[in-house]
Amino acid sequence: MGGGARPPSAKVRPLPFTVATWNINSVRLRLPIVAQLLESERPDVLCLQETKCRDAEFPVSAIRKLGYEHVEISGQKGYHGVAILSRWRLDAATRRGFCAKGDARHICARFADGPAKDVTLHNFYVPAGGDEPDPVVNEKFAHKLAFVDEMRDWFAADGVANQRAILVGDLNIAPLEHDVWSHKQLLKVVSHTPVEVEKFVAARAAGPWFDAMRKFVPEEEKLYTWWSYRAADWRASDRGRRLDHVWTSMDLAPAAASLRVLKDARGWDRPSDHVPVLTTFDF
DNA sequence: ATGGTGGTCCTACCA
């Protein structure tokens, strides 16, 4: 420190790199607003969830025409489905089937070049879990809990978050008090029950993963990424939840440089009930 | 107040 000679500055300015995630609730129906996002924000990569179509039905050529040449998809008919749309070359993607169900809920790819070269990106769509927060009577809630347990075990065993990794997606759990509009009123509502939150925190700690969104918004401030379709006026009532997340491996926590939650997208034409979350990294 | 809306794909099921 102090008077020593500086090393030759190989890198004067960090290279910004923006990762976007969005539960699109049908990529075919909402291709116009996907294009709107890609054209207006130009993220380096966009992870989609709930694409709701088979791979052969995914609008790959339209996406490529928008400058996102590298497209990796994991789809199924009518339900679920995840995709990675990238301006940068990707190594071959991998897909993990959770709970031995064959649902298309995870895809993973590694950047082959660019500012994020060798960074691994995981894109998740965690089961919503139905309405009744009791795994004994509600098989969908039992599935959700088992899915998050399996995430935890995988992260712990395989060092998924050891280094240079980012995890995004619709995790369908709002863990913090101010990740929901009313902590008290949602304690028995699936997405904010104590049993889910406990498993969510255990899975994150198993990485260990860093909650990159809360680096930018203090835990005492409300932060939402989803507003129900059922509200008469979603903006006025503002009964949101933070269901979408951005996690990084611990070594990348300092690289996370800014966050934007595009709340206005909830008011776009034929909107998804989720909005895009954009995280910029300085690599 | 115990619904409300919006997807897929045709009859319910899922979010």
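In α3, the residues Phe141, His143, Lys144, Leu145, Phe147, Val148, Asp149, Met151, Trp154 and Phe155 are buried (under 20% relative accessible area, with a 1.4 Å probe and protein chains only). The elements that cover these buried residues, by contact (heavy atoms within 4.5 Å), include the strands β5 (106-110), β6 (120-125), β7 (165-170), β8 (209-211) and β11 (244-249), together with the helix α5 (194-206). Helices here are DSSP runs of H or I with at least four residues, and strands are runs of E with at least two.

At the start of α3, a side-chain oxygen of Asn138 comes to within 2.9 Å of the backbone nitrogen of Lys140, while Gly159, which follows the helix, has a positive phi near 60°.

## DNA strand B

The model is predicted, so local features need pLDDT of at least 70 and side-chain atom pairs pLDDT 80 or more, whereas totals for chains, interfaces and linings use all residues. Residues are numbered from 1 along each chain as its sequence is written, chains are lettered from A and ligands numbered from 1 in the order written, and side-chain values use heavy atoms without hydrogens or water.DNA strand B is surrounded by 15 residues, the closest being Ser26, Arg30, Lys77, Tyr229 and Arg230 (a residue is near if one of its heavy atoms lies within 4 Å). A polar side-chain atom of Arg30 lies 3.0 Å from a sugar or linking oxygen of DNA strand B, and a side-chain N or O atom of Lys140 is 3.4 Å from a phosphate oxygen of DNA strand B.

Conventions:
Polar contact = N/O pair within 3.5 Å; in protein donor to acceptor, adjacent residues only side chain to side chain. Buried < 20%, exposed > 50% of the residue type's maximum accessible area, 1.4 Å probe, protein only.
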